[in-house]
Amino acid sequence: MTRRLRALTTPLPPQPTAAEVCADFEPYRLIQARQLAMLSRADIGAHVGVPAWQVLHWESGISVPKAYQLEKLAEVTDTIVPFFKRGRPMPRITEADCNFRPCAYGR
């Protein structure tokens, strides 16, 4: 029992800061987060305060968001800042994982 209690009280490892994640930014993570949140590049850009082409540049790896922009990206996509860090395991989403039923609302 004490072993289990010790495991529950062990502090979590420190999370990387937004600046550290910017230095090691994974563009595909942004694509994945945007698609899972069902947002367009324009939606992301409007929330972050940049044009849609800037979001495309981030997704293409042409440029990297600044730390404050990365924090806003995490907020709008309902993720955490370390999600965008390169080198972390990245699950692949297949068609079997998706639901293509039409929406009951909006028509």
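Predicted model: local features only at pLDDT ≥ 70, side-chain atom pairs only at ≥ 80, totals over all residues.
Student: What share of the protein chain is buried?
Tutor: Buried means under 20% relative accessible area, exposed over 50%, and partly exposed in between, with a 1.4 Å probe and protein chains only. The protein chain has 107 residues. The buried share is 28%.

Student: What percentage of the contacts with a separation of 6 or more is between residues 24 or more positions apart?
Tutor: Contact means heavy atoms within 4.5 Å. Among contacts in the protein chain with a separation of 6 or more, the residues 24 or more positions apart account for 70%.

Student: How are α3 and α5 oriented to each other?
Tutor: Two packed helices are described by the angle between their axes and the distance between the axes. Axes are lines fitted to C-alpha atoms, for helices over the stretch in contact, and angles run from 0 to 180 degrees between N-to-C directions. The axes of α3 and α5 come within 6 Å and cross at roughly 125°. Under 35 degrees counts as roughly parallel, over 145 as roughly antiparallel, 65 to 115 as roughly perpendicular and the rest as oblique, so α3 is oblique to α5.

Student: Which residues of α5 meet α3?
Tutor: The α3 side supplies Pro-27, Leu-30, Ile-31 and Arg-34. By class, the contact of α3 with α5 has five nonpolar, no polar and two charged residues. Here Ala, Val, Leu, Ile, Met, Phe, Trp, Tyr, Cys and Pro count as nonpolar, Asp, Glu, Lys and Arg as charged, and the others, Gly among them, as polar. The α5 residues are Val-55, Trp-58 and Glu-59.

Student: How do α4 and α5 lie to each other?
Tutor: Their axes are 8 Å apart. The packing angle is about 105°. α4 and α5 are therefore roughly perpendicular.

Student: Which residues of α4 meet α5?
Tutor: On the α5 side stand Ala-52, Val-55, Leu-56, Trp-58 and Glu-59. The contact of α4 with α5 divides into seven nonpolar, one polar and two charged residues. From α4 come Arg-41, Ala-42, Ile-44, Gly-45 and Val-48.

Student: Is Ala-52 exposed, partly exposed or buried?
Tutor: Ala-52 sits in helix α5, residues 52–60. Beyond neighbours within four places in sequence, Ala-52 contacts Arg-41 and Ala-42. Its relative accessible area is 33%, so Ala-52 is partly exposed.

Student: At what angle do α4 and α6 cross?
Tutor: Helix α4 covers residues 41–48 and helix α6 residues 67–76. Their axes come within 9 Å. The crossing angle is roughly 125°, which means that α4 is oblique to α6.

Student: How far apart in space are Lys-72 and His-47?
Tutor: Lys-72 touches His-47 and Val-48, not counting residues up to four places away in sequence. Lys-72 and His-47 are 25 residues apart in sequence. C-alpha to C-alpha, the distance is 7.4 Å.

Student: What is the phi of Met-38?
Tutor: Met-38 lies in the loop between α3 (27–36) and α4. Met-38 is exposed, at 74% relative accessible area. Although Met-38 is not a glycine, its phi is positive, about 55°.

Student: What is the phi of Asp-78?
Tutor: Asp-78 belongs to the segment after α6. Asp-78 counts as exposed at 70% relative accessibility. Asp-78 is not a glycine, yet has a positive phi of about 60°.

Key: Residues numbered from 1 in each chain as written. Heavy atoms only, no water. Helix = DSSP H or I, 4+ residues; strand = E, 2+ residues; numbered from the N terminus.
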